[in-house]
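Student: I would like to go through the side-chain contacts of this model. Can we take them one at a time?

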Amino acid sequence: MPAGATPLITLDACEELSARQVQDLYKAHVNKSQVSLMTSFGFGRELVSHAEGSWIHTRDGRRILDFTGGVGVLNHGHNHPRILAARRRFQERRRMEVHKTYFSPYIAALGHNLAELLPADLNMSFFPNSGAEAVEGAVKLAYKYHEGRRQRILHADISFHGKLLGSGSLTGSAQNSFAFPGIPGVSSFRYGDLESVREAVAAARDDRGRCDVYALLIEPFSASTMTECSAEFLYGLRELCTAEDIVLIFDEIYTGWGKTGSLFHFMRHPGLVPDVVTTSKSFGGGKSSISAFVAREPVFRKAYDSLGDAMLQSTSTTYYGFGEETATALEAVNIAVEDDYPARARAIEEVLAPGLRRLRERYPDVIADVRGAGALWGVFLDGGPRMLDLAAKLAPGGLARDPLLRTKVITCAVVNAMYQDHGVYMYYTLNGRSPLVAAPSLVAGREEVEVFLDAFEKTLARGMNRLLVSFFKDKAVSRWAA
């Protein structure tokens, strides 16, 4: 260690750090603004001791109901015992992590299981680390399928597919506040509007009138806007893409593994099969960063199944032999099937959906809309004092130009009150109309859903003016403390 350097923090010392010490390290080495943002919601002022199922336990003794479902990661809840056991087994038996030149039984078994569970000839899998990588791998596959002869790709106007340069350029959400470079030839269409898709395809023809679109990327259920494609739209997409030989990619990164009441959202529509489907988030059981794209066999084989092209995608990443991640995903998939996670999501919906709709009827001046499926619901808030409109106009920088600033402030006040006053952890999306998200883990039962609904009703009963006063007061205190 260089002379005068601060001693390195050990694992033991790390676990003894106070919340303030962690915040100071974030400010110095991670992102100072992140500390300000997190503490504005009442989060970040306490550290987690442990978590289990749907519950988070903080060091100071609070028990928090996690109604975020880990933003899609925690279908299995926190620290599912079978997931922990699978990882311990891998470690205790000293299994090998890398070296892609040895065939992996975990990759082989996981690929087989996905092929068995997905319809038709969705048989060929590849396992990157993140959802954004799965999207980019699917797009790369589509481009190679057409041997680079087509140059255009289509995505929906409200899409969210990730934040890498490639996936970010295919994201149509309001989260893109800065224009990074992206892949070329990107065009968008209106979500759920088949005529808009036809117009985009017609506009993307080469000088000989041939289709120049190599892929079309769509979320059958948009988790960031709580918007669902109709069956008519999805079947129409399939017909159009088949006729034009466009690779149809379904992004099911959030909605896979039962979240909306079917194993994958598109599977509720009989006979509907994309050319590629992506998955991530709960695919890793809440403990493993792993994703997949699964392609129809003819599409995959045309793109990569030759000695010259085999290393372009199918085995070319350094960590493609990563054993513990694939072993974890193998167990996560088996749990989702054996415990019937789609049925669990439908059982949650039977309690959650009528409860939210009842609150909408009771508080029509605050709740403008409720939408969702299974264990994934959005609550669209409205109302609040008219002075918020003036505050929005006077807000600094880009905030004044945000047409949803009023909605975001109201939603933040509710998120803050739910956490601070009732120990219920929620979030809201930055896409679309910024809905408040109610999306419990699929291990949650009726009791947890009723705890949430009771807390939500008590929060709304306080009235928006009082919620806003508490929120701004709490925000001022946190800013002063920082």
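Tutor: Buried means under 20% relative accessible area, exposed over 50%, and partly exposed in between (1.4 Å probe, protein chains only). This is a predicted model, in which local features need pLDDT of at least 70 and side-chain atom pairs count only at pLDDT 80 or more, while totals for chains, interfaces and linings use all residues. Residues are numbered from 1 along each chain as its sequence is written, and side-chain values use heavy atoms, with hydrogens and water left out.

Student: Are Trp 257 and Phe 283 buried or exposed?

Tutor: For Trp 257 the relative accessible area is 2%. By the cut-off above, Trp 257 and Phe 283 are both buried.

Student: How many aromatic pairs does the structure hold?

Tutor: Rings of Phe, Tyr and Trp (its six-membered ring) pair if their centres lie within 6.5 Å; planes under 30 degrees apart count as stacked, over 60 as edge-to-face and the rest as tilted. On that basis, the number of aromatic pairs is 12.

Student: What is the geometry of the pair formed by Trp 257 and Phe 264?

Tutor: Phe 264 is buried, at 1% relative accessibility. Its ring centre lies 4.9 Å from that of Trp 257, and the planes are 65° apart, making the pair edge-to-face.

Student: Why is the pair of Trp 257 and Phe 283 classed as it is?

Tutor: The ring centres are 5.9 Å apart. The planes meet at 10°, so the pair is stacked.

Student: Which residues do ring pairs link into a cluster with Trp 257?

Tutor: Trp 257 has ring pairs with Phe 264 and Phe 283. Ring pairs join Trp 257 into a cluster with Phe 127, Phe 250, Phe 264, Phe 266 and Phe 283.

Student: Which residue forms a salt bridge with Arg 62?

Tutor: A salt bridge is a side-chain nitrogen of Lys or Arg within 4 Å of a carboxyl oxygen of Asp or Glu. With closest N and O atoms 3.4 Å apart, the partner of Arg 62 is Glu 46.

Student: Over the face of which ring does Arg 62 lie?

Tutor: A charge sits over a ring if NZ of Lys or CZ of Arg is within 6 Å of the ring centre and within 35 degrees of the ring normal. At 5.1 Å from the ring centre, Arg 62 lies over the face of Tyr 419.
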